[in-house]
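I opened the notebook to log what I looked up in this structure. The entries follow in the order I worked.

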Amino acid sequence: MSELKTPKDVLSLIEREKVKFVDLRFMDFPGLWQHCTYPISEIDEEAFEKGLGFDGSSIRGWQVINESDMLLKPVPPTAFIDPFMAAKTLVIICNICDPITGEDYTRDPRHVAQKVVNYVKTLGIADTIFFGPEAEFFIFDDIRFDQNAHEGYYHIDSIEGRWNTGRCENPNLGYKPRHKEGYFPVPPTDSQQNLRSEMVLNMEKIGIQVEAHHHEVATGGQAEIDMRFSPLVEMADKLLKYKYIVKNTALQAGKTVTFMPKPMYGDNGSGMHVHMSMWKDGKNLFAGDGYGGMSEMAMYAIGGILKHAPAILAFSNPTTNSYKRLVPGYEAPVNLAYSRRNRSAAIRIPMYSTSPKAKRFEFRCPDPSCNPYLAFAAMTMAAVDGIQNKIKPGEPLDKNIYDLPPEEAAKVPKTPVSLRDALGALSKDQAFLLKGDVFTQDVVDTWVDYKLTNEVEALDLRPHPWEFALYYDI
């Protein structure tokens, strides 16, 4: 609802649409949307100016208990009517502020994204940074999982799962995509066409422009819906709206969605290829007459991202599960190289169009488990470092990297093999993020500590089912 620019615009919409509740949302540190709902009697212009209080100590990775008070400040242009609530509810994304100083909270991911945009403008490099993420996800019919002292398991089921070709379904109608052969089949093999279309219609209701949707490569209900590119902060906002729409539309249909990068063994995982370009005064700065129709600036930006990729992945691939996707053989970009058209490279220059307006590059490593504000900000800071220091990306790799002879493949830098390794890379390579106070030292240190303590080390403590297969009879 881009016509909503001021608190008065929002209040007029509330009255016009007979809204009953206002739902204020914000992003926590690891990357989940949080919310609190208010009756409209509590929402006035002062609520936008002074904010509404909440307990920051209960949010993961945020305040300690003796400094818990925080403020939610609604951002008018982000408002939309929730398509799922029984009582008409207006959702507004918020910035987080300190109630004593009134300043934006440094650990608010949205604030980090806002700072990187302002930093790039201050440098005079660009006035707009466009992002276009392609988030993939799985639509399942059932999911069960648990881990305790005496057992640990997960069980996934999908009407589309190839493992169900022999199941008694009264009747079993077949049409279950083979492993790695789920890309682009028409119905009835693509059983989720109508559900994805409903997701798109719900996205359009709240102002998200969609370019396409389709079945993805894996069996078991893998899907992709592509949004049209938008400026950095706006696109991060949209990605949260996107995930909310996808999950709740599926829930209404009695299904469940996961954005886990690798929920199933033996088939492709879910990535989130991210398209990026920088513009100034209405001109695409990445368009030029160099390799792939790119400018010198674009090549330096690519060089910066490839150089800092291991550290970026601590934000763009932020889960232990992320690195079960980043393995050879499943179309995942484990090699840090660039190419035009070649999808086995970490950075691809799309060649769909020769128009200068369409020129951009695509970073293929990220996955949809990321916090988009932090991931997009880290990508931007790496690109800026490449531009400032004229980091050349080396020669392109216009061949199938997976078919390279071992001695040649060994010369190509690789992505980290685990979240622990990515966090280690971030600990060693973070100076580019700290420029302009975009990522504060506190944000980086808290991120590394939170991820190591709550995810990496927590997983280390727990026996894995496959360990029993390997070692029970040892």
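**Entry 1: a hairpin.** I began with S8 and S9, which form a hairpin with four residues between them. Strands here are DSSP runs of E with at least two residues, helices are runs of H or I with at least four, and both are numbered from the N terminus. Strand S8 covers residues 142–147 and strand S9 covers residues 152–157. Their pairing is antiparallel and has six bridges. I count two strands as paired if DSSP finds at least two bridges between them. Ile143 has Ile156 in S9 as its bridge partner.

**Entry 2: ground rules.** The model is predicted, so I noted the limits: local features need pLDDT of at least 70, side-chain atom pairs count only at pLDDT 80 or more, and totals for chains, interfaces and linings use all residues. Residues are numbered from 1 along each chain as its sequence is written, and side-chain values use heavy atoms, with hydrogens and water left out.

**Entry 3: the whole chain.** I looked up the secondary structure and found 13 helices and 18 strands. The radius of gyration is 23 Å, close to the 23 Å from the globule rule for 474 residues, so the protein is as compact as a globular protein of that length. That radius is taken over C-alpha atoms, and the rule is 2.2 Å times the number of residues to the power 0.38. Along the principal axes, the C-alpha trace spans about 65 × 60 × 50 Å.

Next I checked burial. Of the 474 residues, 54% are buried. My cut-offs are under 20% relative accessible area for buried, over 50% for exposed, and partly exposed in between (1.4 Å probe, protein chains only). The protein exposes about 21,500 Å², and carbon and sulfur atoms supply 53% of this area. Areas come from the Shrake-Rupley method with a 1.4 Å probe; for residues, only the protein chains shown count as cover.

I also looked at contacts, meaning heavy atoms within 4.5 Å. Among contacts with a separation of 6 or more, 69% are between residues 24 or more positions apart.

**Entry 4: strand S7.** Is S7 buried or exposed? I found 13 of its 13 residues, 128–140, buried, so the strand is largely enclosed by the rest of the structure. In a regular strand the side chains alternate between the two faces of the sheet. In S7, Thr128, Phe130, Gly132, Glu134, Glu136, Phe138 and Phe140 point one way. Ile129, Phe131, Pro133, Ala135, Phe137 and Ile139 point the other way, and all are buried.

Which strands pair with S7? I listed them with one bridge partner each:

- S14 (residues 272–280) runs antiparallel to S7 with eight bridges; Ile129 is partnered by Met278.
- S12 (residues 230–231) is antiparallel to S7 with two bridges; Phe130 is partnered by Pro231.
- S11 (residues 222–227) is antiparallel to S7 with three bridges; Phe137 is partnered by Ala223.
- S13 (residues 256–258) is antiparallel to S7 with three bridges; Ile139 is partnered by Val257.

**Entry 5: strand S4.** I then followed S4 (residues 69–74). Four bridges join S4 to S3 (residues 52–55), antiparallel, and Asp55 is partnered by Asp69. Four bridges also join S4 to S6 (residues 89–97), again antiparallel. There, Pro74 stands opposite Cys94.

**Entry 6: the loop between S9 and H4.** Asn170 sits in this loop. Its phi is near 50°, a positive value in a residue other than glycine. Asn170 is exposed, at 67% relative accessibility. The peptide bond from Asn170 to Pro171 is cis, with omega near 5°. I found another cis bond between Pro187 and Pro188, with omega about 10°. Pro188 is in the loop between S9 and H4.

**Entry 7: the loop between H8 and H9.** Lys390 lies in this loop. Lys390 has a positive phi of about 50° although it is not a glycine, and its relative accessible area of 57% makes it exposed. Lys392 is in the loop between H8 (372–388) and H9 (406–409). Lys392 is exposed at 67%. Lys392 touches Tyr300 and Gly303, not counting residues up to four places away in sequence.
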